[in-house]
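Here are a few friendly notes to read with the structure open beside you. Take the points one at a time and find each residue as you go.

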Amino acid sequence: MLIRPFFKKNIKFIFTILLLLFAMMTLYRIAFFYHFKPSGKALSGSMLWLGIRYDARIIAIAGIILLIAAALLKPFTVGGFKKTFKSIVTLIFVVIMLFYIADYYYFDYLKQRLSAAITSFAADAGISTSMIWQTYPVVRIIVACIALIFICNWVYSKIFLQINNSNAIISKRANVFAHVLFYVICAGLIFGRVGQYPLRWSDAFSLSDDFKANTALNPFQSFFSSLSFKNVGYDAKKVKLYYPTIAQYFNIPSTNDTAVYDRKIENNNPIGNNVNVVIVICESFSAYKSSMYGNGLNPTPYFNTLCNNGVFFNRCFTPAFGTARGVWATITGVPDVQDVKTASRNPAAVNQHSLMNDFAGYEKNYFLGGSTTWANIRGLLTNNITGLHIYEEDYFNAKKVDVWGISDKNLFLEANKILATQTKPFISIIQTADNHRPYTIPAEDANTFKKQTYPADTLTKYGFDSNEQLNAFRYTDFCFATFMEAAKKEKYFANTLFVFVGDHGLRGNAGNLFPQSFSKQGILAEHVPLLFYAPALLPAATISEPASQLDILPSVTYLIGQTATNTALGNNLFDTTNKKARYAFIADPDTRTIGVVSNSFFYCRNLNTNAIDFVSVLHNNPIPVNNNTDSIKKEMATATEAFYNTSKYLLLHNKKK
């Protein structure tokens, strides 16, 4: 027997159960590491030790719950509530099992440990359930869970019976001592360290390696830690403090009111009269996975050709990671810096001014292959854009292919038919979805779109997790080609400005395609292509100045000669009179970092730990420490805080006109 004989039966039983749970957690962590680990990553003792400490906290909490239950139910005495106590043991196991299953698939999906952000999926339960059903072997998972519960119940019953039949007799004093010692040990494990402050979620990132930090964490630690950041609000003092920085950066006219962000976009340099606009928000259009940046698998050759004939911004960064946040930023010009749940789900933030609403005399359309009830995008659109026509899955003749609705190819073709019938100038948004799990390639395209297959090491080398992911990315390019070739046959094409932008990038390892900062600091999750394409109206150019989704509508407004009022945090990318250094602001909700990208550097601060990164985005060399770089770092730090605090304010105060 592993447990000393002087322990009372309930402590013997609880301690044995906790050891089994701890063993299962440890095995999961090791399996997690080897299943998800990047190439060349070694299992480290410091990572495992930190993981043990995180697991010990959960084990200690479970132990206290069980000991209190045992004291009340007296399962090892005549007339005790044995079945009730066993049910509590089973319930604890089921809760732990469900958290770990959710954690596994959450990481598989987003490359982040389980966080409170998962609660946002409940807001779109139907879509989320369908996506899970179509992506993962749900039936097998359920069967495996049921089997595990039965196995664990059998094991628990055997342990219970063995301990119940033992004849250990101890004194009352020893019994009290054992219980007090148990509680003291559990309290120490929950605190997690010897020192003034307890073990925290942020301690995982002292390992200086994001993957090892994620491996060290457990789902309970990451989930409950993130709950404390879910509230929305802003610091009025900081908003006022950083207003001069924002006012200077955006050339906001002088005013005594430090809550005014309005500046006019004048009709002084149009590219044509009544030019149409089509903005394509491209699902998971990650820069490093595409052909324009030299990816060896050449997944997007057609789009690469478009970029060679348009104005291509190759250093565009989304203000956040996530589709809903990307759509929000594009439409409102305000970064979605809200924690956990997206701003589109916040009733207090749904009233937003969008430049799209200022387009006088324009028809306004939004095309989505699924439903705009997703993430309450419909509320954002209909509440703020007057006269908007929304076309979604129930409108189209094409059949749904998966949870995301009709295929992107059919979405583009259906949109093209509608745009071809427009009698007024129009601004339209098309939001794609197929480059997303479950990576559906419609059977109807099997003869024209040929899948490709590569070995796992080749896929990894070029940033892809699987052949399914690669082919979904390639299918996106196929859909672009189908759309643009169809559009070229219509009258509207020659007088239309097409804008393509990724809703967000994807985390991963870009290898030698980019400086190490893109992978190590995680900005691959926000790095996306941005293309303005109108060959009859715009001369081709490739621009490496930082750009953002926030800049799209201000730039479009300027290019097509609309007079409007910009109230948000986007710039006109085509303003040649603006000689200020440009920044692309990033607030990553998963890594809890805020920062800005400049021509040469990336500065970021971790909101949990206040750790600072200041790295080059041009090369892998360390940044020299001198007066010049210190000054740049200080300026970027100020810009970061100014963007962040102003964004928090504008989420609640950028009211539609």
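1. Start with Phe177, which counts as exposed because its relative accessibility is 51%, and the cut-off for exposed is over 50%. Keep in mind that this is a predicted model. You will find Phe177 in helix α6, which covers residues 172-191.

2. Now turn to the aromatic rings, which form 57 pairs in the structure. One of them joins Tyr243 and Tyr261 in an edge-to-face arrangement, with 5.3 Å from centre to centre and 75° between the planes. This pair links distant parts of the chain, 18 residues apart: Tyr243 belongs to helix α9 (residues 236-249), while Tyr261 is in the loop between α9 and β1 (263-265). Both tyrosines, Tyr243 and Tyr261, are buried.

3. Phe285 and Phe473 make another aromatic pair, this one tilted, with centres 5.8 Å apart and 45° between the planes. Here the two residues are 188 residues apart in the chain: look for Phe285 in the loop between β2 (276-282) and α10 (301-308), and for Phe473 in helix α15 (residues 467-487). Both Phe285 and Phe473 are buried.

4. Which residue lies over the face of Phe464? That is Lys289, at 4.6 Å from the ring centre.

5. Finally, have a look at Phe321: the charged end of Arg507 sits over the Phe321 ring, 4.9 Å from the ring's centre.

Technical notes
Residues numbered from 1 in each chain as written. Predicted model: local features only at pLDDT ≥ 70, side-chain atom pairs only at ≥ 80, totals over all residues. Heavy atoms only, no water. Helix = DSSP H or I, 4+ residues; strand = E, 2+ residues; numbered from the N terminus. Buried < 20%, exposed > 50% of the residue type's maximum accessible area, 1.4 Å probe, protein only. Phe/Tyr/Trp six-rings, centres within 6.5 Å; stacked < 30°, edge-to-face > 60°. Lys NZ or Arg CZ within 6 Å of the ring centre and 35° of its normal.
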